[in-house]
Amino acid sequence: MKRLNLILGLVFLTIGVRSFAQTDKETTVKIVADKNYTFIANTAIPMSNIDVSRVLAMMPGSQGGSAINLSGSQYDVRVTKDSVVAFLPYYGRSYSAPIDPSQGGIKFTSKNFTYTESKSKKGAYTIQINTKDVQRENYRFTINISTNGYAQLTASSINKQPILFNGYLAEPKKKD
C-alpha cells in the first residue's frame, strides 16, 4: 500500500510539474523556428550586484539580495523576422545617461539586426541578437531557452554593465 501511494504521488507530482511549463515542446520549437515570439521578464538580476544590493537593502521592507521581481510589470522583448522591440528596465551602472529621463532603461525598436540561433543536443536554444540601428547605443541580447519555454536573457552594450533577465517565452498576441 505504501508503495502504491508513493507511485501515485510521483505520478501526480510529475503531472503537476509539467502543467507549470510555460509552453509545450512543440510550441517552443514552432515559435523559435518562426522567429515570432515574446520574451516576458519575471526577474532582473543586475551584474553589478554589490552596488544594487546596497540600494535595495536601504528600501523599506527589503529582504536584500540582487534579484528584482518584475512579475506583472509588462516588461518584454518582442522578436519577429523583421524587427526586435525591447521594453525592459535597467538596474546597474550606466556610463552615459540620456538627456531625457524617460529614455532610460532598455527601450528600442530595431529593424537592422543579426540573429544567430543554435540548438543543443537536449533541445535547448541559444539565440544571439545584435542590433545595428538603435539611436543611442546598440545591444547584444543572448537568450537561452529551455524546451518548456523558460528563458534567460542577458543584455549587454558598450555604455552599460550587463544585466540578466529571467522569464519565459510566449506566443505573440493575435491582433483582433
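Colleague: A pocket, on a 1 Å grid over the protein atoms alone, is an open set of points where a 1.4 Å probe fits, with protein on both sides within 12 Å along at least five of seven lines. What is the volume of the second largest pocket?

Modeller: The second largest pocket holds about 180 Å³, a volume being the space filled by probe spheres set on the points, which are joined across faces, edges and corners. This is a predicted model, in which local features need pLDDT of at least 70, side-chain atom pairs count only at pLDDT 80 or more, and totals for chains, interfaces and linings use all residues. Residues are numbered from 1 along each chain as its sequence is written, and side-chain values use heavy atoms, without hydrogens and water.

Colleague: Which residues line the second largest pocket?

Modeller: Its lining (residues with an atom within 4 Å of a point) consists of Q103, G105, I106, K107, V134, Q135, R136, E137, Y139 and K160. Three of these are nonpolar (Ala, Val, Leu, Ile, Met, Phe, Trp, Tyr, Cys or Pro), four are charged (Asp, Glu, Lys or Arg) and three are polar (the others, Gly among them).

Colleague: And how much space lies in the largest pocket?

Modeller: The largest pocket contains about 520 Å³. Of its 25 lining residues, T38, D76, R78, P172 and K173 lie nearest the centre. Two or more lining residues come from each of β1 (37-46), β3 and β10 (163-170), strands being DSSP runs of E, at least two residues, numbered from the N terminus. The largest share, five residues, belongs to β1. By class, the lining has 10 nonpolar, nine polar and six charged residues.

Colleague: Changing topic, how many bridges join β6 to β7?

Modeller: Seven bridges join β6 (residues 113-119) to β7 (residues 125-131), and the two strands run antiparallel. T114 is placed opposite N130 of β7. Five residues separate the strands of this hairpin, and G123 in the turn has a positive phi of about 100 degrees.

Colleague: Where does pLDDT stay under 50?

Modeller: Residues 12-21 stay under 50, with three contacts in the model beyond four places in sequence. Where pLDDT is low, predicted coordinates should not be read in detail. For the protein, mean pLDDT (the predictor's confidence in each residue, from 0 to 100) is 81, and 75% of residues reach 70 or more.

Methods:
Contact = heavy atoms within 4.5 Å. Pairing = 2+ DSSP bridges. Helix = DSSP H or I, 4+ residues; strand = E, 2+ residues; numbered from the N terminus.
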